[in-house]
Structure formats: C-alpha cells, structure tokens
Amino acid sequence: MAVDDKTCRINIQVQSDDFDLGSEYSRLRHQADNPGAIVSFIGLVRDFIGEGTEGEQSLTLEHYPGMTEKALQDIADRACSRWPLSGCTIIHRVGKLVPSEQIVAVLVASSHRDAAFSGAEFIMDYLKTEAPFWKKQQAGDQAEWVVSRASDYQRASRWKNSKH
Amino acid sequence: MLTVRYFASLREALGCEEENITLEQKDNVTVSDLVGLLSARGEPWDVLQDTGQVLVAVNQSICQRTQPLHGDEEVAFFPPMTGG
C-alpha cells in the first residue's frame, strides 16, 4: 500500500496512568516522516496553595468521555492543516493527581522548528479552552472547582487573527 | 428521546448527572427551548440560562444555543473547561 508522505501521524490518549516522555518521544520520532524537529511540552500539577498549609493537596480531573477524544483529535487536525507537521501526540491524564505529577503532554514533529514550536503552542492553547476537562482542587477538607481564566481564551483567540 | 448530561460543578449544583427528556414538539426546537424547559423548574436550574457560565454540546460537539434539536440527540451542559 502506498504511504502518503504528507500524512500527519496523530496519537491521542486520555488515561489515568502516568506517561513517560522518553517513550513518547521515541514513538513519535519513528512514526513521523523525516522529522527535523520535535517539540515537547509537559504540564505538571502545581503546588496550588503554597507551603505551610495543612492537609493533603490533590487535583481531580473530570472529563466527558467520547467528546474529549473527539475535541483533541479536532485540535490536532487543525494544527496539522495549518502547519506542515509530520506527527503529533497529545496525552491528558484524568482522575486524582497530586502536586508535581504530570498532567498533560504535547509532542509535535515537523521538518523545521518554527512549525513544531507553533503547532505545540496552538494545540495547548486550544486544549485549554475546547477540550472538556474540569479540575477540582482539594486541600485538606476544602474542595473547589477551578474557574476558567480569561487569559486562556485570549491566548487561544490570537490564533484566529494570525496566519502563523 | 433526548439524553441530557451535566458535568463538573454544574452536575454538583443541579444534583443530576443524566436524564432523559422527551420533546413534545419536534419541529423548530432549539437548545434554547430545552434550556427554557429545564429553567422553568426554578432554582438551581435557572443557572442554565447563563451563557457565560454554561456551555452546550450537542452530540459531543460544542454548539450555540440556536442549534436545532430533533429529539434524539445527546445534549450536554457544562462550565467552561479548565484542563491542561
């Protein structure tokens, strides 16, 4: 079977398990056609209330199974049609996480670094505003839902007004 | 029959995860009409009218409230996303 060399290999994973950046990098490096650059971004759980506060801290991520995968695939497709990307991987964890754990990974492969950097940033900006994930913070007995930030929407909207 | 789902803080505020709703009228019905029907239950359901706090997806795609409904869709209401 003929292989279309313009194909962008897309890997989408929503999982409770942790992931290993080295393995994901190797996988994308071998899948992508002639990659000249691979950019990777990892999001981690911050210590959100600072030191000296009593009680265990955790973050619980809820999502909308089915729609989540569809939304991430759509964001990756848009990035691949906007830049000459040869591959991308999006991994997002769900369930209970504690500070310093990994939450999200985005890896983007392209022939050149500018497309890889832009593609990774584009995917993260839209992941924040279009993928149905919600965070609930817990510190000791106190739990509250994280509220979305206007700055995240501003970051995503700037792509609508620019070509690159 | 519509399957209506609620997520995250909205699910907790409404005390409901999922329900089935049968539309009596099937022509020219939109998401706004469904919101009207649900909001008529009074507090806390009237929060659904707040377009800044409550987003809508029909068949797992984000949409506007002008989106038509035929009566057999999966409709989801949820707060703005906070992933990443």
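**Reading the model, feature by feature**

A: Begin with one residue: A:M67 is buried, with a relative accessibility of 2%. The model is a predicted one, and A:M67 sits in helix α2 of chain A.

Q: Which residues is A:M67 in contact with, leaving aside its neighbours within four places in sequence?

A: A:M67 is in contact with A:P132 and, in chain B, with B:A57, B:Q60, B:I62, B:F78 and B:M81.

Q: Is A:T68 buried or exposed?

A: A:T68 counts as buried, because its relative accessibility is 0%. A:T68 is also in helix α2 of chain A. Not counting residues up to four places away in sequence, A:T68 touches A:V14, A:H63, A:P132 and A:F133.

Q: How should I read two packed helices?

A: Two packed helices are described by the angle between their axes and by the distance between those axes. Take α2(A) and α3(A): their axes are 10 Å apart, and the packing angle is about 150°. That angle makes α2(A) roughly antiparallel to α3(A). The crossing of these helices, α2(A) and α3(A), is right-handed.

Q: Which residues make the contact of α2(A) with α3(A)?

A: From α2(A) come A:A71, A:L72, A:I75, A:R78, A:A79 and A:R82, and from α3(A) come A:F122, A:I123, A:Y126, A:L127 and A:E130. Sorted by type, the residues of this contact are eight nonpolar, no polar and three charged.

Q: At what angle do the axes of α3(A) and α4 of chain A cross?

A: The axes of α3(A) and α4 (residues 150–157) of chain A cross at roughly 135° and come within 9 Å. The helices α3(A) and α4(A) are therefore oblique to each other. The crossing of α3(A) and α4(A) is left-handed. On the α3(A) side the contact is made by A:E121, A:D125, A:Y126, A:K128 and A:T129; on the α4(A) side it is made by A:D152, A:Y153, A:R155 and A:A156. The residues of this contact divide into three nonpolar, one polar and five charged.

Q: How many residues are in the largest nonpolar core, and which touch the most other members?

A: The largest nonpolar core has 33 residues, and A:L85, A:V108 and A:I123 touch the most other members. The elements of chain A that give two or more residues to this core are the strands β2 (37–44), β3 (57–63), β4 (85–93) and β6 (102–110), and the helices α2 (67–82) and α3 (113–130). The largest share, eight residues, comes from α3(A).

Q: Which residues does A:L85 touch, not counting residues up to four places away in sequence?

A: A:L85 touches A:C8, A:A79, A:C80, A:V108, A:A109, A:S110, A:A115, A:A116 and A:G119. There is also a second, separate core of 22 residues, which includes B:L10, B:L14, B:L34 and B:V35.

Q: What should I look for in the backbone?

A: Most residues other than glycine have a negative phi, and most peptide bonds are trans.

Q: Where is B:Q60, and what is its phi?

A: B:Q60 is not a glycine, yet has a positive phi of about 70°. Its place is in the loop between β4 and β5 (61–63) of chain B. Leaving aside neighbours within four places in sequence, B:Q60 is in contact with A:Y64, A:P65, A:G66, A:M67, A:K70 and B:E74. B:L48 is twelve residues apart from B:Q60 in sequence and 18 Å apart in space, C-alpha to C-alpha.

Q: Which residues does a cis peptide bond join?

A: A cis peptide bond joins B:E43 and B:P44, with omega about -5°. B:P44 is found in the loop between α2 (31–39) and β4 (55–58) of chain B.

Terms used:
Residues are numbered from 1 along each chain as its sequence is written. Chains are lettered from A and ligands numbered from 1 in the order in which they are written. This is a predicted model: local features need pLDDT of at least 70, side-chain atom pairs count only at pLDDT 80 or more; totals for chains, interfaces and linings use all residues. Side-chain values use heavy atoms; hydrogens and water are left out. A nonpolar core is a set of buried Ala, Val, Leu, Ile, Met, Phe, Trp, Tyr and Cys residues joined through side-chain atoms within 4.5 Å. Buried means under 20% relative accessible area, exposed over 50%, partly exposed in between (1.4 Å probe, protein chains only). Helices (H or I, at least four residues) and strands (E, at least two) are DSSP runs, numbered from the N terminus. Contact means heavy atoms within 4.5 Å. Axes are lines fitted to C-alpha atoms, for helices over the stretch in contact, and angles run from 0 to 180 degrees between N-to-C directions. Angles under 35 degrees count as roughly parallel, over 145 as roughly antiparallel, 65 to 115 as roughly perpendicular and the rest as oblique. A crossing is left-handed if the near helix is turned anticlockwise from the far one by less than a right angle, and right-handed if clockwise. Ala, Val, Leu, Ile, Met, Phe, Trp, Tyr, Cys and Pro count as nonpolar, Asp, Glu, Lys and Arg as charged, and the others, Gly among them, as polar.
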